Amino acid sequence: MSTNRRQFIKISALGTGGVAMAASAYGFAGSFLSVFDSSDEKKSINMKRYPTYCEVCFWKCAAWTHVNEAGEIVKIIGNDDDPHCNGRLCPRGTGGIGMYNDEDRLKTPLIRVKAEDGGEDTFREASWEEALDLVAAKMKDIGDYYGPESFALLKHGSSGKHFEHLFKSYGSDTIGEPAYAQCRGPREAAFATTFGSWVGSPEPTDIRDTKCLVLIGSHIGENMHNSQIQEVSDAIDKDVTIITVDPRASTVASKSKYWLPIKPATDIALLLAWMHVIIYDKLYDEAYVKKYTHGFEELKKHVANYTPEWAYGITTLEPAQIRKTAVEMANAAPAVIVHPGRHVTWYGDDTQRERAIAILNGLLGSWGKRGGFYLKEKIKVPKYPHPPYPHPQWSWENLGEKYPLAQMGVTNELVNASIPELAGEHEIKAWFVSGTNVTKSIPNKKVLEKAMDAIEFMVVCDTMPMDVTGYADVVLPECTYLERYDGIRSATNREPSIALRMPAAPPKYDSKPSWWMAKEIGERLGLGDYFDFDKYEDVIDWQLQKMGSSLEEMQRIGVKKFPRTSGPMYFEDGEDFEFATNTGKIELFSTELDELGFDPMPVYTPHPEPEEGYYRLNYGRAPMHTFSRTANNPNLNDLMDENVIWINPKVAKNWSIKSGQEIYLKNQDGIVSSFPIKVRVTERIRWDSVYMVHGFGHKNEKLSRAHGRGANDTELISNVKIDPLMGGTGMRGNFVTFLTDNPNLVES
Amino acid sequence: MRYAMAIDTNKCVGCTDCVVACQTENNVPIGYCRDWITETVDGTYPNIEIELRSERCNHCDNAPCVRCCPTGASQVADGGIVITVEDECIGCGACIESCPYEARYTHPDGYVDKCTFCLHRVKEGELPACVAVCPTKCMYFGDLEDPNSDVSKVMKFRKYKTLAPEAGTDPHIFYLI
């Protein structure tokens with residue numbers, strides 16, 4: 001029996017019997033607006049449609065939610081005018097309806113009831129009044145006693161923005177999101193260091209016009225980044241050359257002219273060899289390099305010995321193939337993209353690998369060129385007026401200060417600061433978690449659980465009883481994106497555009513939008529001035545009016561485009577351009593890293609390899625799922641209800657393992673998967689690694705479809721290599737072996 | 001008028017969007033589907049070929065499901081679209097057995113259900129839901145007898161194959177290869 005203070009509550013202990021359709025406190029029903037366009041009658045017979053943008057992933061595609069005469073949401077269709085989706089949602093967006101219909105949703109606020117005499121803690125249902133009073137009282141207590149900085153916010157997505165505003169008003173900027181240090185942080189740090197610009201989302205990759213697309217482990221098409229996969233498809237129509245570097249035959253590898261089945265963890269060696277060929281065979285863009293880059297001669301010297309023959313011994317890729325692909329890139333230049341990827345926290349030297357990618361783009365002259373990287377633009381949404389935020393005594397910046405390139409909160413440092421023996425000067429005493437299932441997004445479970453055990457208070461806001469809710473003191477049930485207003489979507493793109501999200505139905509059960517929760521908590525804390533509005537649509541309307549639109553217009557059209565104001569999308573030939581780096585140039589040699597005492601140009605470092613009988617654990621995405629949040633969605637679960645472990649046939653033969661067989665996985669530290677996982681024996685994977693889709697193996701029994709289905713890769717990631725530059729958690733240095741018998745069976 | 005579909009296997013990523021879009025468009029119960037994804041892998045690492053394709057009823061000219069139906073519920077509608085009339089179907093399952101593509105299933109309400117090329121949408125000049133949603137735009141739909149239709153145009157310059165040609169069903173889903 002665990003004696004943890006924060007004992008995990010299996011939400012099966014919930015007594016949520018009858019479904020209470022509690023009347024919403026904020027008078028929702030009257031605010032419906034018919035946006036049915038009669039000229040569209042044949043398209044949506046007897047249906048109303050409401051604009052939204054999707055929240056099943058981070059791409060945020062704009063769409064129309066279709067509602068029938070009975071008021072039921074029946075389908076969601078992409079908005080034709082939206083550059084994120086061009087009228088075509090991905091399977092998750094189309095299946096977003098399942099998020100709304102999921103009968104396992106969180107239905108009412110919950111408050112932890114401490115067990116007496118060593119029994120199990122339980123949750124009891126609570127009213128919003130009681131739950132919000134409790135959260136506000138704890139925020140006040142912790143703020144008074146330790147300072148508001150000690151209350152951390154871990155967030156993701158649109159809801160997180162409302163709580164970010166609450167926390168900044170309250171005096172805490174101790175904020176982090178796994179999307180940085182567990183995902184794309186290294187590429188942002190590397191591109192900022194090289195080009196003076198983040199990559200950002202959506203990536204400014206001009207794929208539709210590219211002639212050569214180079215993917216380093218990026219599995220476009222399995223990651224369903226909508227407009228990006230659409231453009232890859234357009235490029236295939238135009239006979240693009242795709243070069244995919246991946247130890248696994250990914251879907252896009254099968255569409256590639258060149259698939260380089262690299263030995264895992266050796267990418268930097270390949271990237272250096274490509275630089276060598278491009279420089280010494282004079283394949284680089286001489287004029288571009290001369291005009292826009294800094295440190296070419298240093299780089300030339302640096303890569304002198306990194307020949308394809310040198311790389312062959314490391315990567316197992318044939319020198320001729322390395323040369324040939326380098327020539328392909330150069331022939332296509334500047335319409336070539338060495339793609340930065342997205343989830344890039346792999347081995348702990350990830351910023352340096354991303355630097356190598358950035359440098360290659362610099363040599364090929366693709367930044368600011370058609371078919372390379374376009375110069376992105378977005379439109380600023382005016383800030384709704386509120387008093388200035390108080391200045392916190394310390395923040396995420398102090399917690400991450402040992403990582404000089406960290407540009408956002410480093411979640412793993414927020415976790416460490418929550419454990420008294422690991423915390424430095426600043427200690428975190430409470431967490432507010434919004435829209436991120438940290439037990440599946442942040443690795444090193446032992447440390448994470450220690451942190452959740454040590455903190456004094458934890459609030460979780462989600463739509464579903466994700467595993468993380470089991471650790472909470474208070475659970476706040478959020479309504480889905482189809483049932484709420486949210487902030488205006490404005491993202492970087494070829495041309496600025498905005499999108500509106502409005503509810504298509506009232507919130508089911510007793511769920512509420514997070515803007516309402518943030519406002520209610522704020523008012524209880526005496527921060528009413530920061531929430532000077534009745535309904536969130538008032539804020540949106542005010543902002544839209546300032547932008548020359550209105551709520552009424554956006555309810556009608558959903559998406560509005562604006563002309564560019566920053567100039568053309570591409571550099572003119574010979575145009576002067578100042579990059580936001582120390583030298584004003586693209587830094588092939590990084591003066592910033594040099595000053596900080598790090599390698600100014602990337603070097604290859606060998607990474608540990610698995611012992612005999614162990615295989616490197618690689619993980620990735622499936623096109624119908626996002627993170628761990630969709631595993632229980634009835635529509636998406638129907639498309640894929642569990643993950644499987646990919647094993648090369650030679651390996652399977654050695655183990656006498658067959659497809660469909662259930663096995664358990666044990667990692668190098670002796671951690672065994674909580675659930676068995678089915679085997680897929682396939683030629684699509686190398687013999688030295690295994691692969692599974694992330695986001696399965698849920699422990700919460702209340703997730704009726706997802707519970708116990710498949711394995712959770714994150715729990716097997718206990719060896720984490722921290723990127724010294726930006727604090728990212730390298731997660732691909734874990735090795736697993738197979739247990740063909742159930743390790744939980746005890747002999748009688 | 002002869003409706004047909006061409007699906008580009010060079011572009012399909014097997015994302016299953018066609019499956020879920022069909023389910024929500026046609027009210028297909030969860031656990032059932034009118035279209036699905038097939039993946040084939042040939043060869044030995046690293047020399048392998050992968051094909052992903054979206055499959056459904058082939059709307060055959062020589063449709064065994066129509067010939068074997070004892071009530072006439074399984075029939076050919078305008079434009080060669082093979083349909084099942086719910087009210088006339090007794091759910092005997094003969095058509096399910098006869099189909100070489102396994103394209104039919106018994107709906108929980110007792111009748112046999114299958115792809116209709118979204119006849120209700122096509123009648124209104126719309127594309128089938130799967131074609132309209134596909135993020136890779138790998139599906140082309142239209143009238144084979146109209147040389148300017150999307151499907152005719154793409155088949156003019158691309159190689160293609162059909163599934164189970166040996167069954168002699170004269171299928172009308174073409175896979176661009």
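B:Lys137 is partly exposed, with a relative accessibility of 26%. Helices (H or I, at least four residues) and strands (E, at least two) are DSSP runs, numbered from the N terminus. The phi of B:Lys137 is positive, near 50°, although the residue is not glycine.

A word on the model itself. It is predicted: local features need pLDDT of at least 70, side-chain atom pairs count only at pLDDT 80 or more, and totals for chains, interfaces and linings use all residues. Residues are numbered from 1 along each chain as its sequence is written, chains are lettered from A and ligands numbered from 1 in the order in which they are written, and side-chain values use heavy atoms, with hydrogens and water left out.

A:Asn444, not a glycine, has a phi of about 65°. Its place is the loop between helix H15 (438-441) and helix H16 (445-454) of chain A, and at 23% relative accessibility A:Asn444 is partly exposed. Most residues other than glycine have a negative phi, and most peptide bonds are trans.

I turn to the cis peptide bonds. One joins A:Ser201 and A:Pro202, with omega about -10°; A:Pro202 belongs to the loop between helix H5 (178-195) and strand S8 (212-216) of chain A. Another runs from B:Tyr45 to B:Pro46, with omega near -5°. B:Pro46 is found in the loop between strand S2 (36-44) and strand S3 (47-55) of chain B.

Next, which residues of helix H17 of chain A are buried? They are A:Ser514, A:Trp515, A:Trp516, A:Met517, A:Ala518, A:Lys519, A:Glu520, A:Ile521 and A:Gly522. Because nine of the 11 residues of this helix (residues 514-524) are buried, the helix is largely enclosed by the rest of the structure. Its buried residues pack against several elements of chain A, including helix H3 (128-145), helix H4 (157-170), strand S15 and helix H18 (536-546). After H17(A) comes A:Gly526, with a positive phi near 75°.

Strand S15 of chain A (residues 474-477) contains A:Pro477. That proline is buried, at a relative accessible area of 0%. Beyond its neighbours within four places in sequence, A:Pro477 has contacts (heavy atoms within 4.5 Å) with residues including A:Trp128, A:Asp462, A:Asp510 and A:Met517. A:Pro477 and A:Asp510 are 33 residues apart in sequence, yet 7.5 Å apart in space, C-alpha to C-alpha.

A:Asp532 is exposed, with a relative accessible area of 54%.

Notes
Buried means under 20% relative accessible area, exposed over 50%, partly exposed in between (1.4 Å probe, protein chains only).
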